[in-house]
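Please look over the model shown below before reading on. The notes after it are meant to be read with the structure in view.

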Amino acid sequence: MFCDDNVTYSMWRILTETSVSARNSLKNMNRKQLIKLGAQGALTLGLAISLSSCGGGDDLNAISVNGSDTMLQVGLAWAEKYQQLNDDIGLTVNGEGSGTGIKALINGTIQIAHSSRPMKDTEREQIKAAHGKEAVQHIVGYDGIAVFVHPSNPVKSLSLEQLHGIWAEGGTINNWSQVGGPDLEINRAGRNNASGTYSFFQSAVCGKGSDGKGIEFKQGTAAMPGSTAVVEFCETTPSAIGYSGMGYKTEKVGWLQVSKTTGAAGVGPSNPTVASGDYPIARALYIYTVGEPEGDVKEYLDWIKGPEGQAIVEAESFVPLSN
Amino acid sequence: MSSGKKSIRALGAKLLDGAELPIRIAITICGWSSILFVGAIFFFIFKEAAPVFPHLDWGEFFFAHRWIPIPAEGNEPSYGAMGILYGTFAITVVSMFIAMPLGLGAAVYISEFAPPRRKEWLKILIEFLAAIPSIIWGFIGLVIMGPLIQKILGVEVGINLLNASIMVALMAVPLIVSISEDALRAVPDSYREAALALGASKWEIVYKVLFPAARNGLLAASMLGVGRAVGETMAVWMASGNTDNIPENFFNPLLVLERVKALTATIAGEMPDTVHGSEHYQVLFVIGIVLLTISVIINVVSDLIIKGIRKES
Amino acid sequence: MSPVSSSNPFAAGGNEIRKQRTENIAKNVMLGAAILLIIPVLVIIGYLFYKASPVLSWNYIWDVPRDLGRQGGIWLPLIGTFYLVIVSLMLVAPVGILAGIYINEYAPNNWLTRCINMAVTSLAGVPSIVHALFGVGAFVLTLGMGASLLAAACTIAVMTIPVIVTATREALAAVPMAFREACWNMGATKWQTIRTIVLPNSISGILTGVILEISRAAGETAPILFTGAAASVAVRTATVGDKLMPYQLDDRFMALSYHLHVVAEKISGMPQEMKYGTAAVLIALIVVINSFSITLRLYLRSRKKW
């Protein structure tokens, strides 16, 4: 905001003047002067607030990160570990969604954007227009989207076609008995409409209709407040089905093997199957920077792609690059 | 030393007294600030929402049940918020069904039946109830009430309309109790004495004398309860199941076990994932306008009712 | 009429017995409503604390969250809440108290004053999520604060203005008019009267409002969702000084209420007791703050001289 020297100088001037006029007013009580004093005092206070608000991060080399909610966990884990190793780096990590992260990159408020989807061409153009540099894409890992169910559910494997019938608008599978399970109505739980996981799962499972337009999810699909909420919903609800990153698996929840065609053997989400492409619902995790990264940001990204960062990727149950 | 202190104090007093005019100006400006802030809230909410006004299909917004702001590839977004409006409406109605009898009962007990000491204790406890933040209610709904509903009612999903309504009811009750109690206390004692003299029992006084005499205040209490229920965010978000559903049969009482999605929860859930300035973002501000309008109408009307009571008594 | 009354003219008649029975039923139903409100909530809160007991310790309070909050403590969210409260209080207290003074002492009885009162009422009724939207539009974007501690504190401040205004107004109104008249008769101006007579006699009431504001600010989640709360911030916490001053005004910050939301719904494999621990500390904080306000009020009433 007002971080230039002029302001600092004028603030100093006002401060000294204020103290002079305060001394005067002690000698000679004068209404006009007092009004002036009050006004200057208010101004000083205002300046002090605005100055202290731009004083943040002076002592730390701050890197701001925002983007995909899916990558929030791994992003936080990277930041936490990296901070321990490098005391002079201040990392702020947020997971407000891939779109928000890229938008913040365009606006220059962050240096690193996490994204669980590739950048759109329009976004690339905006980066170019705003900064004069190309957006650079870094793949830092892979993620399988697992289909979670209650552990007691006898259904262990579904084909993409059957998943389509369960999730997609116009699909006819509404009861577990239609896919060999108990006679229970299926309770679907997903993410909110703006989430990257939502749109990825939509394109992978619901796909496109014959007219080339995408098919939406069925009405009555819950939009859970977070990926963990989806998994917990599946833990506690016998008739539930939900999707979330495979990183969110717990011992108390079951997941389905998925086959590309009905009748083929199902494949469970795991590091090798995701990396090899055998598991059909998988995607890459991206990091975007404006131009080739330099300095602290470069060091941080190199570290993420290196063995320590990739160990964290694996520890957070994503699929590391080396696989 | 003490005389020096004294003179400084006197000087300070003189300074403060001499500043009558600037202080008066400051006080007046602060006094008007509430109007300024209400105006600013309207201004900024409308400002952020305004770009979408010309091309938002209002008929679709209010009467279509299809909320897909970010569509699949090749599709047009649709902003049919009827399911979400229904969700807020349903939570409000069901929570008031729970909160009104509880709140009214507690208010009558506190104001008419309770011995003085117990009255004090109850009032303090209800004040604590009012102070519990909504995130705590959401958490309780999620981890305690949800499994409880599953177990007791034997249903599949524990986070549903009933769960959210119970949480909202518990949040609205303290408000209903305190306003109702005020309204009951505002009924002049001479009414009670007259009824007693005619041989009425305490209960007869309550429902034949106090209820009719305090009906405006009780109405205001329920309206403020409604306002609370409409505007509640975190508890509703975490405990309602957040699913855009409209039941086929409105007269089936089992609809309380369906999951619903509320206006407030839609904003809270989708806002962080939207890009500032996008159409979706603007439509979320339109939802904000709907909420703002409902709450301001409710509050102003109930305030007028309450003021009317004060004037009468 | 009934045979009983013919032998004893003062015995309760059937009508009266029925009346008495209705009365008892009614009374018990009302008592039941009051109990139904309070007992389950107390049980639930007791249960929360019971589930939280494995982690509750001074170390849990003082330690920073580790492994995304799965281990360690809650110091960073706790101090973030503290900062949020302090900054919002610094912003709202002067405005709110002066506004309360204006409404009770200066405001003429005209349409403008009625508008002001209406505005205070409306402000109190605006849903917290709408305040959050306002915060995004006004502070985060238009005033360029970004999502930060300052923006969140401003949002909370606007939201809690009615709390302080109402408390101040009521406290001032409780000072008898005769006090002011006596002072005016001594030749004091309006402001002198307010400063020397009215404010000292109503300070406890105003303080109650301030404490209520603190309680609101500490518990609210929705208004800080988009205006500055962060799921996690990496800050230096090596020394005690770092721990006490982790945030600047333009930083994103962690807050206890938002932290509860994050550990409850966003991080996988979160141990149950960490969730309950966060909830328990938040409740304890609110209960302590409100106990202050209630004690203050009871004390105030006991020593009221007029």
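This briefing goes through the contacts between chains, then each chain in turn.

This is a predicted model, in which local features need pLDDT of at least 70, side-chain atom pairs count only at pLDDT 80 or more, and totals for chains, interfaces and linings use all residues. Residues are numbered from 1 along each chain as its sequence is written, while chains are lettered from A and ligands numbered from 1 in the order in which they are written. Chain C is in contact with chain B through 70 residues of chain C and 73 residues of chain B.

**Chain C against chain B**

- Two residues are in contact if their C-beta atoms, placed from the backbone, lie within 7 Å. By this rule 70 residues of chain C meet 73 residues of chain B.
- Helix H2 (residues 14-52) of chain C gives the largest share of the chain C side, with 16 residues. Helices (H or I, at least four residues) and strands (E, at least two) are DSSP runs, numbered from the N terminus.
- The side of chain C that touches chain B holds 50 nonpolar, 14 polar and six charged residues. Here Ala, Val, Leu, Ile, Met, Phe, Trp, Tyr, Cys and Pro count as nonpolar, Asp, Glu, Lys and Arg as charged, and the others, Gly among them, as polar.

**Chain C against chain A**

- In this contact, 21 residues come from chain C and 30 residues from chain A.
- The chain C side that touches chain A is made of nine nonpolar, six polar and six charged residues.
- Strand E2 (residues 89-93) of chain A pairs with strand E3 (residues 232-233) of chain C in the antiparallel sense, over two bridges. Two strands pair if DSSP finds at least two bridges between them.
- Within this pairing, Thr92(A) has Val233(C) as its bridge partner in E3(C).

**A residue of chain B that touches two other chains**

- Pro272(B) sits in the loop between helix H12 (263-270) and helix H13 (279-312) of chain B.
- Leaving out residues up to four places away in sequence, Pro272(B) touches Glu96(A), Gly97(A) and Thr100(A) in chain A, and Leu225(C) and Phe226(C) in chain C.
- A residue is buried if 20 or more other C-beta atoms lie within 10 Å of its own, exposed if 12 or fewer, and partly exposed in between, with C-beta atoms placed from the backbone.

**Chain A**

- Chain A has 11 helices and 11 strands.
- Of the 323 residues in chain A, 44% are buried.
- Among contacts in chain A with a separation of 6 or more, 69% are between residues 24 or more positions apart.

- Strand E4 (residues 135-149) of chain A is mostly covered, with 11 of its 15 residues buried.
- E4(A) pairs with strand E11 (residues 282-290) of chain A in the antiparallel sense over nine bridges. There, Asp143(A) has Arg283(A) as its bridge partner.
- E4(A) also runs antiparallel to strand E8 (residues 240-245) of chain A, joined by five bridges. In that pair Val149(A) stands opposite Ile241(A).
- A further antiparallel pairing, over two bridges, links E4(A) to strand E9 (residues 254-255) of chain A. Phe148(A) has Trp255(A) as its bridge partner in E9(A).
- E8(A) is mostly covered, with six of its six residues buried.
- Strand E6 (residues 187-191) of chain A pairs with E8(A) in the parallel sense over three bridges. Asn187(A) stands opposite Ala240(A) there.

**Chain B**

- Chain B contains 13 helices and two strands.
- The radius of gyration of chain B, taken over C-alpha atoms, is 25 Å, well over the 20 Å that the globule rule (2.2 Å times the number of residues to the power 0.38) gives for 313 residues, so chain B is more spread out than a compact globule.
- Along the principal axes, the C-alpha atoms of chain B fill a box of roughly 80 × 65 × 40 Å.
- Buried residues are 51% of the 313 residues in chain B.

**Domains of chain C**

- Chain C is divided into domain 1 (14-52) and domain 2 (58-302), with bounds that come from an automatic or database domain assignment.
- The C-alpha centres of domain 1 and domain 2 of chain C lie 34 Å apart.
- Five residues of domain 1 of chain C are in contact with seven residues of domain 2 of chain C. The domain 1 side has four nonpolar, no polar and one charged residue.
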